[in-house]
Amino acid sequence: MSTDIRDDTRAGFTDLFGREPEGLWSAPGRVNLIGEHTDYNEGFVLPFAIDRRTVVAVGLRDDRVVRVASTIADEVVEISLSDLTPSVLSGWPAYPLGVVWAFSEFGADLSAVPGLDLFIDSDVPLGAGLSSSAAIESAVALALNDVWRLGLDRRTLARVGQRAENVAVGAPTGIMDQSASLLGQVDHAVFLDCRSLESELVPLGLAEAELAILVIDTGVKHSHATGGYGERRAACERGAAALGASSLRDVTVADLPRAQELLDDVTFRRVRHVVTENQRVLDTVEVLRSGGGAVAIGDLLDASHRSMRDDFEISVPELDLAVETAVQAGAIGARMTGGGFGGAAIALVRLGDLSRVQVAVDNAFGEHGFGQPDTFVVFASDGAARN
């Protein structure tokens, strides 16, 4: 995170609210290395926090008013803690204000805490599948946990953020994004069991292997609150119920022949993606743990993208082109990342091949008449912190 964004956030708070904030807190976006749409199926994921962050400046008030402003929009949203319910929230303020409300479901007495002024800035791209929403939620959650002296641990703060997104925003997401944003460490991925919420840091070893993760932001915006995401989740629930499982976590690759007999084609393919994706996460973690290193996971990344494209049907032409072109230009492996229907792809690339891959992707998008993609390298970063 650059010093500039911290300075800009502090200055934005001071200019708007006429005083210095209590402090600054920040949280990163995330890249999901592998494990897509497995989180809300109580499965496994392997994200990492990235070196692009959302910063929030927070000041306590002597009344019960909460005011929220950001560089996202010109408006300042003001509401009393007494009136704060999910039904009155909409637009971007639903993310930070949803977190304020969600604390009430995790033991916080909102009638006993002071009001707040919040100002938010970010260099996490919006709508790119890098979880800009969880970065907002996690930064605000950590800040409020500190200034209100609530004493909640980071796993609980992840649940607060998820609750805000599910109820206040209306997006039926799992807990992966908030967990990555809060639990990440430099050069490590977060191996998360979304059923038990147990996590383990897995070394990536990218620097010593002279590898990089290249993000290819297609510029195609997506939203988890729209229908496609919810439809996929409903299909997973139908498939699990038909198979007598509480969730698809309990369905294995060996169960797929029986699933194909019982389910309609679309539901079966949705189930097959989740079941095989869970196995790919476990296989990736095993390769990284056993010393094979990131250079050995390319085939797993490629297979993940094919599954999302063909079985889960959440890719778009721009994402497919980014993945195919990156691999043809020398990437070790590539896949779309995030909820789908737009956003970004990631490519695992040798440092010496970065320029060639970036140029090839730019040229391919131009030849197909697509808008120019934004390509940049990300590094596995530390999670949310007070700055």
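Reply: First, a term we'll need: a crossing counts as left-handed if the near helix is turned anticlockwise from the far one by less than a right angle, and as right-handed if clockwise. Bear in mind that this is a predicted model.

Two packed helices are described by the angle between their axes and the distance between the axes. Our pair is H9, residues 298–310, and H10, residues 317–328. Their axes come within 11 Å and cross at roughly 155°. Since angles over 145 degrees count as roughly antiparallel, that makes H9 roughly antiparallel to H10. As for handedness, H9 passes H10 in a left-handed crossing.

Now for who touches whom. On the H9 side, Asp302, His305 and Arg309 make the contact; H10 brings Leu319, Asp320, Val323, Glu324 and Val327.

Stepping back, the protein chain holds eleven helices and twelve strands. Its C-alpha atoms fill a box of roughly 60 × 50 × 40 Å along the principal axes. For 387 residues, a compact globule would have a radius of gyration near 21 Å, and the chain's 21 Å agrees with that. Buried residues account for 59% of the 387. Finally, take the contacts between residues at least 6 apart in sequence: 73% of them join residues at least 24 apart.

Definitions and conventions:
Residues are numbered from 1 along each chain as its sequence is written. This is a predicted model: local features need pLDDT of at least 70, side-chain atom pairs count only at pLDDT 80 or more; totals for chains, interfaces and linings use all residues. Side-chain values use heavy atoms; hydrogens and water are left out. Axes are lines fitted to C-alpha atoms, for helices over the stretch in contact, and angles run from 0 to 180 degrees between N-to-C directions. Helices (H or I, at least four residues) and strands (E, at least two) are DSSP runs, numbered from the N terminus. Angles under 35 degrees count as roughly parallel, over 145 as roughly antiparallel, 65 to 115 as roughly perpendicular and the rest as oblique. Contact means heavy atoms within 4.5 Å. The radius of gyration is taken over C-alpha atoms; the globule rule is 2.2 Å times the number of residues to the power 0.38. Buried means under 20% relative accessible area, exposed over 50%, partly exposed in between (1.4 Å probe, protein chains only).
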